[in-house]
Amino acid sequence: MKIAYYPGCTLKTKGKSLETSALACMGQLGIEAEELERWNCCGAVYSLADDDLIHIVAPVRDLIRVKQAGHDKVITLCSMCYNTLARANELMRHDEEKRKTINDFMDEEPDYTGDVQVLHFLDFLRDEIGWDKVKEKVTKPLSGMKVAPYYGCTLLRPKEVAIDRADQPEVMHSFLETLGAEVVDFPGAIQCCGTYQVLGNPDAALKVSHDILSDATSHGAEALALTCPLCDYNMSKRQDQMLQKYEGAREVPIYYFTQLMAIAMGIPVEECHFELNRESSVQLLKSKNLVTG
Amino acid sequence: MSIVPQEETTATETKMVPIYIMGKRYEVPATLTIMKAIEYAGYKYIRGCGCRGGVCGACSTVYRKPGDYKIYTGLACQTVVEPEMYLTQMPFYPANRTTYDFGELTGTPDEINRLYPELFRCVACNACTKVCPMDVQVMDYIAALKRGDIQAAAEISFDCIQCGLCASRCMGELPQYHIAQLARRLNGAYLTPKAEHLQTMCANIDAGRYDPGLAELKGMDLETLRNTYQSREMEPASAGEDWTPQDKSHL
């Protein structure tokens, strides 16, 4: 099965572990992800200002590239890219006036009407591959590994682009169950990690990220799985600051969901680029005999 | 009764077209390039004409045509005038080039981000690409740099002549062509595989391997030298990758 793939900038540098592990898993599942030959940064954040159409141009251009490559669907891994592309797509589908303004502005591109389907790897697995098929490829189930699924905001909000219901999502629960993990449900799963507030108000962002992690561990989680490089930055890269600042803060291994999938599928550990994770992430996998050495 | 000379009646009449240079109308021969038309109109280039060969980027020109909202660009030395065009020269456009010690760089994406943080102000409007007189996909190389692909940026920007028109149109205020130059420098110095055979050859030269041969050539009389040169074995134009000379003593 061939599908167009939009990586997003971070997945080529600081978040490359998300891409390499996912592509390896897709290979196992017989999914041929064709990275768009031309693509630009999606903008990372969907602009909420009603008349700020210039920030819609970048994601729409990417969707035009999908069509130009002969595809009608595109798959994303980064949940922020997913959200930005999907919302721009919604606008082009439903807002006739803005669609015309944007198409008129991009006069060097063919007109676009929102007819590409934007998917995240998770809903693609659920709806087009099926958990049973995924399970068939699981050779090293994550047995006894207590993992909290963290959805964050951008996969679930707003409703128009949500891949699951926002109040009680299940898709990552099912995903982790399929991999054989012990899924730890916790309220913080749908809370915001602080996102870009890390720039303007780093203390506030650290606090909400810490709250999420302590919520997860207090519900018995020994690790967290997520889908977004910015959530990863806030909860993994800044965890040392939490450990220093908050009494009782505990070390929590953080994984991209695709890294856990790769491990469960017996994919060589190098594809996971664990050097970009916290050290505890590899240690936990070793203690569960899922990674050797 | 005067007799009109023969050549004047049969000479092809030069077709004249009106063009507007900085808003003023001039009649110029239709076959001229913009640069020659400007000179025909009486202007004298002191700066901003450059190589006159289409490679230096000094004579960027911006123009519009009647009844058409598009902005057109071209190198004045390469672009032929069009009737009713409104044009102005844009020989220079201010764009900051960051100062860096190249020897301290290693070719990582972070270095470009640090030296040109405005890179991330790009909104993919594509005005840069539209205005490029060399048809460089400017927006695409900026997109490549945003994702840290210096090699791709170097390749896409290869035809850039540093005219600066991209920078003149950028709503993110990026100095695209300076960033691309840094990318090409990093790519050439740190990211392109080193030509190992060249290093071996240089080491051989340093070790004096070809000194006897050179001494022999230097000692030849003119006639012998000429004959030796003319009878040398040449690599045929159609030679493949695996071609080797008969005399392998110098390999």
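Let's start with a helix pair: H1(A) and H12(A) are oblique to each other. Their axes cross at roughly 40° and come within 8 Å. The crossing is left-handed. On the H1(A) side, the residues that meet H12(A) are Ser17(A), Leu18(A), Ser21(A), Ala22(A), Ala24(A) and Cys25(A). On the H12(A) side, they are Thr258(A), Gln259(A), Met261(A) and Ala262(A). By class, this contact of H1(A) with H12(A) has six nonpolar residues, four polar and no charged.

One caution before I go on: this is a predicted model.

Now H1(A) itself. This helix runs over residues 16–28 of chain A, which is 13 residues. From first C-alpha to last, H1(A) reaches 19 Å, close to the 18 Å expected at 1.5 Å a residue. Which residues of H1(A) are buried? They are Ser17(A), Leu18(A), Glu19(A), Thr20(A), Ser21(A), Ala22(A), Leu23(A), Cys25(A) and Met26(A). What covers them? The cover includes two strands of chain A, E2 (32–35) and E8 (254–256). It also includes the helices H5 (121–129), H10 (229–237) and H12 (257–264) of chain A. After H1(A) comes Gly30(A), with a positive phi near 75°.

Next, H7(A). This helix spans residues 171–178 of chain A, and six of its eight residues are buried, so H7(A) is largely enclosed by the rest of the structure. The buried ones are Val171(A), Met172(A), His173(A), Phe175(A), Leu176(A) and Thr178(A). They pack against the chain A helices H5, H6 (131–136) and H12. They also pack against the chain A strands E5 (146–149), E6 (182–183) and E7 (223–226). Gly180(A) follows H7(A), and its phi is positive, near 90°.

Let me take one of those partners, H5(A). How are H5(A) and H7(A) set relative to each other? Their angle is about 70°, with the axes 10 Å apart. They are therefore roughly perpendicular to each other. Leu122(A), Asp123(A), Leu125(A) and Arg126(A) come from H5(A), and they meet Val171(A), Met172(A), Ser174(A) and Phe175(A) of H7(A). That contact divides into five nonpolar residues, one polar and two charged.

Leaving out residues up to four places away in sequence, Lys73(A) touches Ile3(A), Ala4(A), Val116(A), Gln117(A) and Leu119(A). Lys73(A) and Val118(A) are 45 residues apart in sequence, yet 5.9 Å apart in space, C-alpha to C-alpha.

On to the two chains together. How many residues are in contact across A and B? There are 13 from chain A and 13 from chain B. The chain A side of that contact has six nonpolar, three polar and four charged residues.

Last, a pair inside chain B. Helix H5(B), residues 138–146, packs with helix H8(B), residues 176–191. The angle is about 55°, and the axes are 11 Å apart. H5(B) and H8(B) are therefore oblique to each other. H5(B) passes H8(B) in a left-handed crossing. Val138(B), Tyr141(B), Ile142(B) and Leu145(B) from H5(B) meet Gln176(B), Ile179(B), Ala180(B) and Ala183(B) from H8(B). This contact has seven nonpolar residues, one polar and no charged.

That's it from me. Questions are welcome.

Conventions: Residues numbered from 1 in each chain as written. Chains lettered and ligands numbered in written order. Predicted model: local features only at pLDDT ≥ 70, side-chain atom pairs only at ≥ 80, totals over all residues. Axes fitted to C-alpha atoms, helices over the stretch in contact; angles between N-to-C directions. Helix = DSSP H or I, 4+ residues; strand = E, 2+ residues; numbered from the N terminus. Parallel < 35°, antiparallel > 145°, perpendicular 65-115°, else oblique. Left-handed = near helix turned anticlockwise from the far one by under 90°. Contact = placed C-beta atoms within 7 Å. Nonpolar A, V, L, I, M, F, W, Y, C, P; charged D, E, K, R; others polar. Expected span 1.5 Å × (residues − 1). Buried ≥ 20, exposed ≤ 12 C-beta atoms within 10 Å, placed from the backbone.
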